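Please set out how the two chains of this model are put together, beginning with the overall organisation and ending with individual elements.

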Amino acid sequence: MTVSATATATIPPGRYRLVHVMRSEWTKLRSVRSVRWVLAAMVAGTVALGVTDCLVESSSWASMTAASRARFDPANISLAGLAFAPLAAGIAGVLVMSGEYGSGLIRSTLAAVPRRRLLLAAKAAVLTAVTLVLGEAAVFASFLAGQAVLAGRAPHATLAQPGALRAVALSGAYLALLALLGLGLGAAIRRSAGAVAAYAGLVLVLPYVLLALPGNPARFAPETMLASSVAAVRPQPHYLPPGWEGLALMAVYAAAALAAGGWLLSRRDA
Amino acid sequence: MIEACGLVKRYGSTVAVDGLSFTVRAGVVTGFLGPNGSGKSTTMRLLLGLDAADAGDAKVNGRRYADLPWPLREVGSMLEARSFHPGRSARDHLLALARANDIPGKRVGKVLDLVGLAGVAGKRAGTFSLGMGQRLGIATALLGDPGLLVLDEPANGLDPEGIVWLRALVRSLAAEGRGVLISSHLIGEMALTADQVVVIGQGKLIAETSVAELSARTAGRRVLVRSPDPGELAGALDSAGARVEHSPDGSLLVEGMTTESVAGLAAARGIAVHELTPQAASLEEAYMELTRASAQYRPGVQPGHGDRTRAGMKGTRP
């Protein structure tokens, strides 16, 4: 029984780098069903909800008041799936890290990649790439399908209209940032259930809590920034203006979660 | 070479590893022995940097594990079984780890063949039996064709055939010049596999020695004598100061005298002797004697056999 081809194994020069760990993480991401399903649900759910909302809104256009018609934002309506997509994006992000702890894979992973911040960076890079592509695919498909439903029955938008392309494209990118928030929480909390609960609390529950407070701090909550600012073409009262501000603030949140997760990951026993 | 130097690990007020130092050399199988809960697994986690030591350090080929340029190519490890995601196939599991250290993909097929999992390479690892999971762990350890291996209880869950296979594998790894650290709570298995042993108890080093030396320590302490007249011989030996124990089969176990002096005494008294054999204490006995004081978990009441062993081992402590 000979274990190696040559009696003395040769070790190549250099050392493992981010690109190697990214390849490893890409292999992991594509080879587990749970994450694939969650990401597929993100895309399908976004499109399905967006189209449904467009059907509902187009049938009620005829009976709308003038004030409602003035606020009518066809681009935003076709992105109604962004009420659901953040949950899927975040869970995918959480699972990328917590799945390692839940199964014990983390021991094998850290044996191969003992530089833990590099590991988290590689996970973040691969997750960003995947969720960015799928997020953009989801929002563009949702926008185009939704506008096709609205067309003829109510005002509809095109990507050529001012603000529309920005709203759609930034919404897809926002989903990638939400996935990174999930990754950071997964690294900090390690247990899938706990990390998903924390994420859902931050993204889905916190806005309702903040709404009760004076000054509408809810406009800075991840989910409300997405639905009411980033994905909007017309400004919504009491929310951040449509544009980059919401995306920038969300990037700060994601960076903070990753920094906390990375700090804990590198300090704690695995 | 792996060098542990003064390793200390505390969990709260519990000291799991307490100033432990030992060496694992190339081409040598080092058995890592100790009772359950003695700190073997924790020590291995410290060696691999999974847990941070509170004091002391562990060096792999002169570096901290975290500083190895290609960890899997230098140290292959298997800590607990099931260090894989249940939803991923054995092949993808190995492929993902191979990528991280730029190990060619064809190595994956080779290690799967080597551990006998080639036929189930595409199946989700969560469907594997304990023994198959263990084999996947061994495949993971061999993935980078490393010069050093750290294996925590690799025989757990293997069937007898698997245990024989593992023994041959570990021996061949050492024969190829690799250093192997292999933990077990079963010294019998280690006696067949290891060259050196590191024995710990309650996180402290009890002995770092060769298997041969461990056996020799306890060899020749007792003499078995078979005589047609055991009663008279026992009386003679007793009055000469030896401790004599009657075995159920009529033979005598004599402690405190060499074979020569027993033979001389019998000849002087004209007592016939049919058998006269120096008794090596089994490795189990030697090991139990070494670790008795530090065994953390053991039944409160020792069965009769244990008592006999204890009596028989008196005075054998080096």
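This is a predicted model: local features need pLDDT of at least 70, side-chain atom pairs count only at pLDDT 80 or more; totals for chains, interfaces and linings use all residues.

Residues are numbered from 1 along each chain as its sequence is written, and chains are lettered from A and ligands numbered from 1 in the order in which they are written.

**Chain B overall**

Chain B holds 12 helices and 13 strands, where helices (H or I, at least four residues) and strands (E, at least two) are DSSP runs numbered from the N terminus. Of its 318 residues, 43% count as buried; a residue is buried if 20 or more other C-beta atoms, placed from the backbone, lie within 10 Å of its own, exposed if 12 or fewer, and partly exposed in between. Among contacts in chain B between residues at least 6 apart in sequence, 71% join residues at least 24 apart, two residues being in contact if their C-beta atoms, placed from the backbone, lie within 7 Å. The domain assignment, which is automatic or taken from a database, divides chain B into domain 1 (2-216) and domain 2 (220-279), and the centres of these domains, taken over C-alpha atoms, are separated by 46 Å.

**Interface and cores**

At the interface, 43 residues of chain B are in contact with 34 residues of chain A. Helices H2 (71-74), H3 (90-100), H5 (130-142) and H6 (160-175) of chain B each give two or more residues to the side of chain B that touches chain A, and the largest share, 6 residues, comes from H3(B).

A nonpolar core is a set of buried Ala, Val, Leu, Ile, Met, Phe, Trp, Tyr and Cys residues joined through C-beta atoms within 7 Å. The largest such core has 159 residues, and those with the most contacts inside it are Leu180(A), Leu94(B) and Ala139(B). Its largest share, 17 residues, comes from helix H8 (residues 164-189) of chain A. A second, separate core of 11 residues includes Val223(B), Val254(B), Val262(B) and Ala266(B).

**Enclosed elements**

Strand S6 (residues 148-152) of chain B is largely enclosed by the rest of the structure, because 5 of its 5 residues are buried. Leu148(B), Val150(B) and Asp152(B) lie on one side and Leu149(B) and Leu151(B) on the other. The strand pairings of S6(B) are listed below; two strands pair if DSSP finds at least two bridges between them.

| Pair | Sense | Bridges | Partners |
|---|---|---|---|
| S5(B) (residues 75-78) and S6(B) | parallel | 4 bridges | Val75(B) and Leu148(B) |

From S6(B) the chain crosses through H6(B) to S7(B) in a right-handed β-α-β crossover; right-handed here means that, with the strands pointing away from the viewer, the path from the first strand over the helix to the second runs clockwise.

In chain A, helix H10 (residues 222-230) has 9 of its 9 residues buried, so H10(A) is largely enclosed by the rest of the structure. The buried residues of H10(A) pack against helices H5 (85-103), H8, H9 (192-211) and H11 (245-267) of chain A.

By contrast, Glu232(B), in helix H9 (residues 230-239) of chain B, counts as partly exposed because it has 14 C-beta neighbours inside 10 Å.
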